[in-house]
Structures are given as structure tokens and as C-alpha cells.
Amino acid sequence: MNRILATAVSEFRIAFRNRWVSIATGMMVLFALVLAAAGAAPTGDVGVDRLSVTVASLTSLAVYLVPLLALLMSFDAVAGEVERGTLPLLLTYPVSRLEILLGKLLAHLAILALAVTLGYGAAALVAVWSDPGAVAGLASLWRLVWTSVALGATFLGAGYALSALARRPSGAAGLAIALWLAAVVLYDLALLALIVTDSGGAFTTHALPVALLANPADAFRVFNLSAAEAVAAAGGIGGAARAIPLWQSAASLLVWPLAAIALAVAAFRKVTP
């Protein structure tokens, strides 16, 4: 455990010097404040408190921004060490490859947790300041915080795996962007196209819930919208949250990080200095 913490502290210092802490925090606070100001307009129409509607808007932000930040922080975690020639030195220390990855994961998760806490906290302050009754939505905000960290852990693990497979930062960066586009953008577009083509048939009623749970980004969206009972504030695929039991989306959120980290460890073990 001490070796993991030592690695995490070292990685956090490197990220701080590279300004990842300020970049991630600044992006989350900026976009969260914009959504807090503009995304709570329909509060009176949907019959929920201002903060719950803000959380629905922040959920849509997190689906895009959290995976992107996680991949940007992790794509050179292994490939960068290989290119700089520091991996052979790192492996001479009395620390296992699993401990190295867990240390990097802990540091990057700390940065993500700091960013989402400050970003969502700023949005919550705006909502409560304008409507004191918005404190009723604090439970929804807390769910959004920890599920955002879980979503980030999934894409951090995926980024480490891609970094180990690519061996070069440029190749890892390309794979990371391709993964983000496929998982966050193209996957939902494909589902929407299938829904339109299906016209309420078997795919929409039976296969769509499974397809949503098979994507960590969609499982994150479905869980937060259904748990907050703010589905009416979000359209599109988010409406499928009604048809998916809460425990299933929660289980998907917890299983995906473990699978991604296991894949990263397996890929890292095949990297030779």
C-alpha cells in the first residue's frame, strides 16, 4: 500500500507540474457554471427542484467531458514512460506493475474527483443561491459526483490499456480519441438510428436497455437520470431510464471500472522495457 501511495503522490506532482489539475478543474467549473445558469430554465415545467434539473444537465456534460479528461490524462501513462526511457528504471524499483498502475490510477482519480467536486459544487451553489429549495437535490448531486468518478475510472483504465498496447504516445493519443468518439458519440448515434428504424419494435423494447448497459457512458446517464427522477428534464435515449431497473445501471457502473483496470494490467504485463 505504501508503494502505491508513493507512486500516486509522484504522479500527482507530475500532473500538477503539467497543469492537468488546473486544466481539469477549470474546464469542469466553467462548463458546470454555464449549465447551472442556462440549464435550469424548465424547472417549473417539470415539477422538480432547480438543483435536480441542473444535475440532469450536468449529467449530459459529464458523459462527454469526464471520459475525455480521463483519456487525456491516461493515454501516455505507459507509452510516455517507454518513449522517455524511464520505464526500465521504474521497473527496477521494488514495485510491481499492478502497483504502478494502481498508483497512477489513484493520482488521476484524485484529480478527477477534485475537478468534478469543484465543478458540480459551483453549480450547486448557484442553484441554491437562486432557489433555497434546491437543497432537496443534494442527494442527486452526490450520486452524480461518485458516479462521475466511477465513469472516469473506466476510461482511465481503458486509457492505460491503449497506452500499453500502442507503446508510443502519438499512437495512444489516436486510439484514445477514437475510443472517445466511438463510446460517447457514435454509439448513441447508432442507437438512435436503430430506434428510428425499429419504430417501437423488438429492438426498442428488448435490446435497447441491454445496449445502454453495455456502454459505461450510457449506464452512467441512465443511472443518474432514473435515480434523480429527472427523466422528464432530459430527452432522447435518457428517456430509456424508465425501463431499466436502477440496480442494473448501478451494477454496470461498478463492473466497468474493474474490467477496464483488469484489461490495463493484462496489457501492461506484456510491455517489455
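These questions and answers concern a predicted model and the grounds for some terms used about it. Local features need pLDDT of at least 70 and side-chain atom pairs 80 or more, while totals use all residues. Residues are numbered from 1 along each chain, and side-chain values use heavy atoms, without hydrogens or water.

Q: What makes up the secondary structure of the protein?
A: The protein has twelve helices and zero strands. Helices here are DSSP runs of H or I with at least four residues, strands are E runs with at least two, and both are numbered from the N terminus.

Q: Why are H9 and H10 called roughly antiparallel?
A: The axes of H9 (residues 169-198) and H10 (residues 202-213) cross at roughly 165 degrees and come within 9 Å. Axes are lines fitted to C-alpha atoms over the stretch in contact, with angles from 0 to 180 degrees between N-to-C directions. Angles under 35 degrees count as roughly parallel, over 145 as roughly antiparallel, 65 to 115 as roughly perpendicular and the rest as oblique. H9 and H10 are therefore roughly antiparallel.

Q: Which residues of H9 and H10 meet?
A: Tyr 187, Leu 191, Leu 194, Ile 195 and Asp 198 of H9 meet Ala 202, Phe 203, Thr 204, Leu 208, Ala 211 and Leu 212 of H10; contact means heavy atoms within 4.5 Å. The residues of this contact comprise nine nonpolar, one polar and one charged.

Q: What share of the protein counts as buried?
A: Of its 273 residues, 49% are buried. Buried means under 20% relative accessible area, exposed over 50%, and partly exposed in between, with a 1.4 Å probe and protein chains only.

Conventions:
Nonpolar A, V, L, I, M, F, W, Y, C, P; charged D, E, K, R; others polar.
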